[in-house]
Amino acid sequence: MRIIISKFGGTSVSSRKTWDNILSITQKHIHAGLFPVLVCSARSHASNQLEKLIQLAIHDEHQGLLQEFVCAHHQLANELEVPHETIASELQHLEQWLT
């Protein structure tokens, strides 16, 4: 079986609609006899927000952007029908690192 590697990130992992597209692409690869390996990076704007969070945390001014970041991830989790508990530990670690 041949392996195919597909990388998705940014806007292509930022909504239910785009994740449905990833599913469709992956299913096509499977039906074609390929073994798909998916590599998913950060959702749109997440990397920039993380960099900004670090800059703001130096001056203890990161709370507002952190709340925005957490809300965006909870919103995506809701769209994907993923329980918030699935990402809670990572978000808690982020908050701890920033403080």
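Helices α3 and α4 are roughly antiparallel to each other; that label is for angles over 145 degrees, while under 35 is roughly parallel, 65 to 115 roughly perpendicular and the rest oblique. Helices here are DSSP runs (H or I, at least four residues), strands are E runs of at least two, and both are numbered from the N terminus.

Before the details, some ground rules. This is a predicted model, with residues numbered from 1 along each chain as its sequence is written. Local features need pLDDT of at least 70, side-chain atom pairs count only at pLDDT 80 or more, totals for chains, interfaces and linings use all residues, and side-chain values use heavy atoms, with hydrogens and water left out.

Back to the helix pair. Two packed helices are described by the angle between their axes and the distance between the axes. The axes of α3 (residues 63-79) and α4 (residues 85-98) cross at roughly 170° and come within 11 Å. Those axes are lines fitted to C-alpha atoms over the stretch in contact, and angles run from 0 to 180 degrees between N-to-C directions.

Who touches whom? Contact means heavy atoms within 4.5 Å. From α3, Leu-66, Phe-69, Val-70, His-73, His-74 and Ala-77 meet Ile-87, Leu-91, Leu-94, Glu-95 and Leu-98 of α4. Those residues divide into eight nonpolar, two polar and one charged. Nonpolar covers Ala, Val, Leu, Ile, Met, Phe, Trp, Tyr, Cys and Pro; charged is Asp, Glu, Lys and Arg; the others, Gly among them, are polar.

Next, Gln-49. It sits in α2 (residues 46-57). Gln-49 is buried, at 12% relative accessible area. Buried means under 20%, exposed over 50%, partly exposed in between, with a 1.4 Å probe and protein chains only. Leaving aside neighbours within four places in sequence, Gln-49 contacts Arg-43, Leu-65, Glu-68 and Phe-69.

Now α1. Helix α1 (residues 16-31) has 16 residues and spans 22 Å from first C-alpha to last, close to the expected 22 Å. Expected span is 1.5 Å times one less than the number of residues. Which residues of α1 are buried? Ile-22, Thr-26 and His-29. They cover an arc of only 55°, so they lie on the same side of α1; the arc uses directions from the helix axis to the C-beta atoms. The buried residues of α1 pack against β1 (2-10) and β2. Facing away are exposed Lys-17, Lys-28 and His-31.

Last, the loops. His-45 lies between β2 (34-43) and α2. Its phi is near 75°, positive in a non-glycine residue. His-45 is exposed, at 57%. Asp-60, in the loop between α2 and α3, has phi near 55°.
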